[in-house]
Amino acid sequence: MKKILSFPQNFNFGVADADLQVIGEQATIDNEDSQPTIWRNFAEQEGRVHKKHSTNEGIDRYNRYKEDVQLIKKLGTKHYRTSISMARTLTKDKKVNEKAMKWYQDYFKELKKNGITIYATLYHWELPQHLSEMGGWKNKKTIEFLVEHSRLVYK
């Protein structure tokens with residue numbers, strides 16, 4: 001049998017998602033007072049997304065994260081990449097959103113408890129809508145938000 005593809009012995013196979021794709025943005029707005037994102041705004045515009053599907057519901061990771069962790073574990077996966085949304089971690093006035101940070105801490109503790117290594121993406125197309133309205137990435141304030149968000153995630 002001819003070997004077609006091989007990976008180095010230390011290659012880390014894993015799974016990935018993005019917070020915004022799975023969490024259910026409406027749940028974060030309702031439960032954490034998180035900020036609406038540019039994706040939500042984009043998806044709600046006529047003709048942009050098939051059947052106007054939005055980020056509002058996701059797969060309810062917000063309430064079902066323990067079940068999701070068990071599914072990852074059942075796959076035998078030990079490496080997991082997800083994003084941490086700036087629209088959740090910071091308020092409009094750049095203060096820490098304690099409710100969101102508590103949720104992330106609980107989620108990451110659950111992953112670690114189950115032997116899953118976490119790889120974090122700091123930005124995955126979920127810019128808070130209010131920053132977009134101020135000019136988005138062309139506005140220095142957006143960079144200041146990203147820097148503060150990065151500090152929070154690091155802590």
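**Pocket lining, surface patch and backbone in a predicted model**

Mentor: In this predicted model, α6 (98-113) contributes eight residues to the lining of the largest pocket, the most of any contributor.

Trainee: Which elements each supply at least two residues of the lining of the largest pocket?

Mentor: The lining has 15 residues in total, with M101, Q105, L152, V153 and K155 nearest the pocket centre. The elements that each give at least two residues to it are α6 (98-113), β3 (117-121) and α8 (140-154).

Trainee: How many residues of the lining of the largest pocket are nonpolar, polar and charged?

Mentor: The pocket in question has a volume of about 360 Å³. By class, its lining divides into five charged, one polar and nine nonpolar residues.

Trainee: Does L5 count as buried or exposed?

Mentor: L5 sits in the segment before β1 (15-16). Together with I4, F7, F11 and F13, L5 makes a nonpolar surface patch of about 600 Å². The relative accessibility of L5 is 61%, and the cut-off for exposed is over 50%. L5 therefore counts as exposed.

Trainee: Where does D33 lie?

Mentor: D33 is not a glycine, yet its phi is positive, at about 60°. Its place is the loop between α2 (25-32) and α3 (38-43).

Trainee: What does K94 count as by relative accessibility?

Mentor: K94 lies in the loop between α5 (86-89) and α6, and has a positive phi near 65° without being a glycine. The relative accessibility of K94 is 32%, and the partly exposed class lies between under 20% for buried and over 50% for exposed. K94 therefore counts as partly exposed.

Technical notes: Residues numbered from 1 in each chain as written. Predicted model: local features only at pLDDT ≥ 70, side-chain atom pairs only at ≥ 80, totals over all residues. Heavy atoms only, no water. Patch = residues over 30% accessible without salt bridge, like charges linked within 9 Å, V, L, I, M, F, W, Y side chains within 5 Å. Areas by Shrake-Rupley, 256 points an atom, 1.4 Å probe, with all protein chains shown as cover. Salt bridge = Lys/Arg side-chain N within 4 Å of Asp/Glu carboxyl O. Helix = DSSP H or I, 4+ residues; strand = E, 2+ residues; numbered from the N terminus. Buried < 20%, exposed > 50% of the residue type's maximum accessible area, 1.4 Å probe, protein only. 1 Å grid on protein atoms, 1.4 Å probe; cavity = no way out; pocket = protein on both sides within 12 Å on 5 of 7 lines; lining within 4 Å. Points joined across faces, edges and corners; volume = space filled by probe spheres on them. Nonpolar A, V, L, I, M, F, W, Y, C, P; charged D, E, K, R; others polar.
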